[in-house]
Structure formats: C-alpha cells, structure tokens
Amino acid sequence: MEWLSLLGVFVALAVFIFLAYKGYNIIFLSILASIIVAAFSAQNPITALTGTFSGAFSGFIKTWFLTYVLSATFAKLMGECGAARSIAVKIARLCRKRPIQEQKFWAILSLPIINTILCYGGVSSLVCVFIMVGIAKDLFQELDIPWHYYGMAALGSATYALGALPGAPDVLNLAPTEVLGTNAMAAPGLGIIATIIMFGLSCLYLSRSLKKSEDAGETFLPTGARIAADKSIGGQENVEYPLWRSVLPCVVLLVVMNVLKQPVVLAMICAILSCIILFWNQLKGILQPCVASGIPTGAVTACLISCTVAFGSVVSASPAYNLVVGGLDTVSAFLPPAFQIFLCVNIVAALTSSSTSAVGVIFETFGERFLATGMAPAAIHRVATVTALSLNTLPHSVGVCNAAGASKLTIGEIYKHYLWITVVFPMIAALAITILAAMGICF
C-alpha cells in the first residue's frame with residue numbers, strides 16, 4: 001500500500017504540473033491533487049478534503065491571514081502613491097548611466113535589486129510582480145533586451161530576500177520561530193553568506209547568458225510581443241519622490257519588527273500608517289479603493305499558499321509519507337543533523353512546491369527531533385529556510401505561474417532562468433551553509 005500511495009503522490013504531482021502549464025487555477029489543482037493522493041492511498045477522498053486538507057488550510061490561514069492581507073494592502077498603497085515606482089525608477093535610471101556595453105546587464109540586474117528592496121521592505125513577493133512588470137517593459141523595450149530575461153527578477157523576489165537575508169519579514173522566515181523560539185534575525189552570518197552565493201552565481205550566469213543572446217542577435221521580440229500588445233502595462237509617468245521618503249515605510253516595518261521585536265502584524269500596521277501619513281496627498285482620494293483591492297489580493301494569496309500547505313498535509317497523512325519518513329530516518333541516521341535538515345526540507349519542498357509548506361510540514365514532523373540533536377536553533381532555522389528556497393519553485397509553483405501570467409511569458413520561456421536562479425543556485429547556497437552548520441559554525 002505504501003508504494004501504491006507513493007505512486008499516487010507522483011501521479012498527483014505530474015497532473016498538478018501539467019495542468020498548471022495549461023493555466024488551471026492553483027486552488028483547484030491543490031484539491032484535485034489531494035483527491036488523487038487519497039484515492040491511491042485507499043483513503044476516503046471526501047474525508048481527506050474535509051478533514052486533513054481543510055484542517056491544515058484553516059490552521060495555516062488562521063496563523064498567517066493578517067500577515068498576507070496587510071502585506072498586500074501595504075504593497076497596494078506603496079504602488080498607488082508612487083513610492084514603489086519612484087524607488088524602481090531611480091534605480092533603473094542608474095543603469096542608463098553605465099557604459100553602453102554594460103547597460104543591458106545592469107538593466108536586467110536592476111530588476112532583482114528593486115525586488116529585493118521591496119520584498120525585504122515587506123511587500124509580498126507575489127505582489128511585487130505587478131509593480132515590476134510595467135517598469136521592466138519600458139526599460140527592456142528602450143534597450144531592446146529579450147523579454148524572457150524578465151525571469152531574472154525572481155532573483156530578488158523568490159530567493160534570498162525571503163529566507164536568507166536576516167530580518168526578512170516573509171512568512172518563510174517567520175514560520176520557524178513558532179517552533180524553535182528564534183527570531184527573524186536567526187544566524188545572520190549564514191544568511192548573508194547564502195545571499196552572496198546566490199547573487200554572485202546569478203550575476204555570472206546573467207553575464208554569460210546575455211553574451212550568448214547578443215551573439216545570437218536576440219531582441220525584445222518575439223518573447224516581448226504579447227506584453228508589447230498590452231497597452232495597459234507600462235508607459236506611466238515617472239514618479240519622483242526623494243528616495244528617503246519612498247523607502248521610509250519599509251524602514252519602519254523592519255525597525256518595528258527586528259529592532260523593537262514587535263509582531264509582524266503590528267510592524268505591518270505601522271508601515272501602512274507611515275505610508276498613509278507620508279503620502280496623504282497622493283492617497284486621500286483613492287485610499288478606500290486601495291484598501292478594497294489590497295485586502296482581496298492578500299486574501300487570495302493567503303488562500304493559494306494555504307492550499308499548497310494543505311496539499312502537503314494530505315501527502316504527509318498518506319502511507320507514502322510514512323515510507324518517505326522511514327527512508328529519511330534510515331538515511332539521516334548516517335548524516336550530521338544539518339544534513340538531515342537539508343535532505344528533509346528538500347524532499348518535502350519538492351513534494352509540495354512551496355517553501356512555506358515545506359518548512360511548516362518539516363517542523364511539525366521533525367522539529368523536536370532536530371532540537372534534540374543539540375544543534376543551535378538559529379542554525380536549524382537558517383539552514384531550513386535557505387534549503388526551502390530551491391525545490392519550491394518547480395514549474396507548477398504559485399510564484400512561477402504568477403510571474404509568467406503577469407509578464408505574459410510561457411512557463412517554458414520564463415523557466416529557463418528560474419531553473420538556475422531559483423533552484424540550482426539556492427541549492428548550492430544551502431549546501432554551503434549546511435556544511436558550515438555541520439562544522440559548528442553559526443554566527
């Protein structure tokens with residue numbers, strides 16, 4: 001039965017990935033994949049949905065609903081008042097000042113840099129794409145950069161800014177604190193090392209890939225044809241505010257959460273209030289519609305992530321998971337604790353395609369065991385969050401589908417870059433800090 005159940009998990013993942021490519025809704029696919037897993041596991045699919053799936057869904061959304069809703073509202077306010085665009089325009093303008101032979105490289109690299117500032121400042125990574133796509137369209141058209149390089153923006157919104165940079169306000173970086181008693185600043189040295197590895201390798205990759213594209217004579221078209229046809233994207237006036245004013249709400253969020261050690265919900269509220277105060281003249285006439293559209297965006301995002309977590313729980317409740325855990329127990333018995341975390345998180349992230357889900361499931365199942373090894377909680381925290389950043393971005397993940405849809409690229413076009421910058425390089429970074437943690441190095 002366990003092997004049949006494991007086959008069901010693979011079938012569910014295959015169906016999930018294939019239909020995600022076809023553009024089906026992630027919530028629907030999570031439910032469908034859960035039914036397949038339950039059926040192959042000789043479990044009642046209705047019981048699996050109303051019990052395991054719904055229980056995990058409600059548990060996760062109860063804990064993190066306000067964080068997602070407030071994050072989306074903050075992102076909407078930052079976007080509508082012009083602060084986010086002002087930050088992006090100022091950084092993008094710098095790349096135009098570079099020598100002509102370097103402009104394309106820096107133009108592309110400006111996207112993850114802008115995303116890093118926004119995500120680290122509390123704007124949801126799933127929301128950032130809607131702020132970035134118009135700016136990128138204008139910039140790429142002007143410099144005739146192949147549009148598929150928009151995928152490089154994920155370096156700043158799907159990797160180190162979520163789980164490696166110390167103090168990141170993303171749920172991925174906050175979830176382990178519930179079990180480990182750590183905080184968002186856990187093992188800052190390991191996080192910075194992982195960030196440098198991911199960013200450095202991505203820069204090398206971009207340089208070589210761009211050289212090949214230029215040699216092949218690639219231009220903004222044809223991959224940019226669909227985005228160019230959408231006149232509602234891009235072409236906006238450049239908003240000019242002092243940089244300090246634009247980033248101050250993000251600074252408020254980080255200070256309240258990481259310096260004053262207040263809950264992320266309070267930090268988000270303080271950031272929202274500071275944004276309203278600083279940009280009252282710009283927001284006073286549109287505050288109600290901003291809130292009205294921001295809250296549903298956050299709620300939908302929370303539902304998407306909660307559904308992937310719920311699917312992960314259905315998998316963890318199946319005989320297949322017991323088989324996997326048994327295998328992990330056998331293998332990890334021969335591994336240092338840090339490598340046990342590395343292995344377990346990678347496998348669960350691959351099964352669920354969600355970093356948040358992977359960390360949640362792993363600490364629910366193995367949290368006490370990891371703490372019992374004597375490994376520093378801060379090291380456990382950082383190894384787990386960085387490791388979760390690699391196999392969580394398989395082609396059917398929420399983030400990939402969201403970015404592809406907003407940029408009007410196919411999964412195949414955008415994933416040629418996602419594969420390297422969100423899977424391969426984070427895996428290398430995670431392995432590097434796992435080795436350091438296994439050597440007892442944690443700072």
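Visitor: What radius of gyration does the protein chain have, and what would a compact globule of 443 residues have?

Guide: This is a predicted model, where local features need pLDDT of at least 70, side-chain atom pairs count only at pLDDT 80 or more, and totals for chains, interfaces and linings use all residues. Residues are numbered from 1 along each chain as its sequence is written, and side-chain values use heavy atoms, leaving out hydrogens and water. The radius of gyration is taken over C-alpha atoms, and the globule rule is 2.2 Å times the number of residues to the power 0.38. That rule puts a compact globule of 443 residues near 22 Å, and the protein chain agrees with 21 Å.

Visitor: How many helices and strands are there in the protein chain?

Guide: Both kinds are DSSP runs numbered from the N terminus: helices are H or I with at least four residues, strands are E with at least two. By that count the protein chain has 22 helices and zero strands.

Visitor: What sits at the start of helix 3, and what follows it?

Guide: At the start, a side-chain oxygen of N44 comes to within 2.9 Å of the backbone nitrogen of I46. After helix 3 comes a residue with a positive phi, near 95°, and that residue is G82.

Visitor: Which side chain does the side chain of H417 make a polar contact with?

Guide: H417 lies in helix 22 (residues 411-438). With a relative accessible area of 1%, H417 is buried (buried is under 20%, exposed over 50%, partly exposed in between, with a 1.4 Å probe and protein chains only). Leaving aside residues up to four places away in sequence, H417 touches H148, Y149, G151, M152, Y205 and S209, where contact means heavy atoms within 4.5 Å. The polar contact, at 2.8 Å, is with the side chain of Y205.

Visitor: How many disulfides does a search of the whole structure find?

Guide: The test is a pair of cysteine sulfur atoms within 2.5 Å. For C270, the nearest cysteine sulfur is that of C275, 13 Å away; for C442, the nearest is that of C344, 19 Å away. C442 is partly exposed at 33% relative accessibility. Searching the whole structure gives zero.

Visitor: Is D144 buried or partly exposed?

Guide: D144 lies in the loop between helix 6 (125-143) and helix 7 (154-157). Though not a glycine, D144 has a positive phi of about 55°. Its relative accessible area is 34%, so D144 is partly exposed.

Visitor: And A187, buried or exposed?

Guide: A187 is in the loop between helix 10 (177-180) and helix 11. Here too phi is positive in a residue other than glycine, near 45°. At 4% relative accessibility, A187 counts as buried.

Visitor: Where is there a cis peptide bond?

Guide: Look in the loop between helix 11 (188-215) and helix 12 (225-229), the place of P222. With omega about 10°, the cis bond joins L221 and P222.

How values were computed
Polar contact = N/O pair within 3.5 Å; in protein donor to acceptor, adjacent residues only side chain to side chain.
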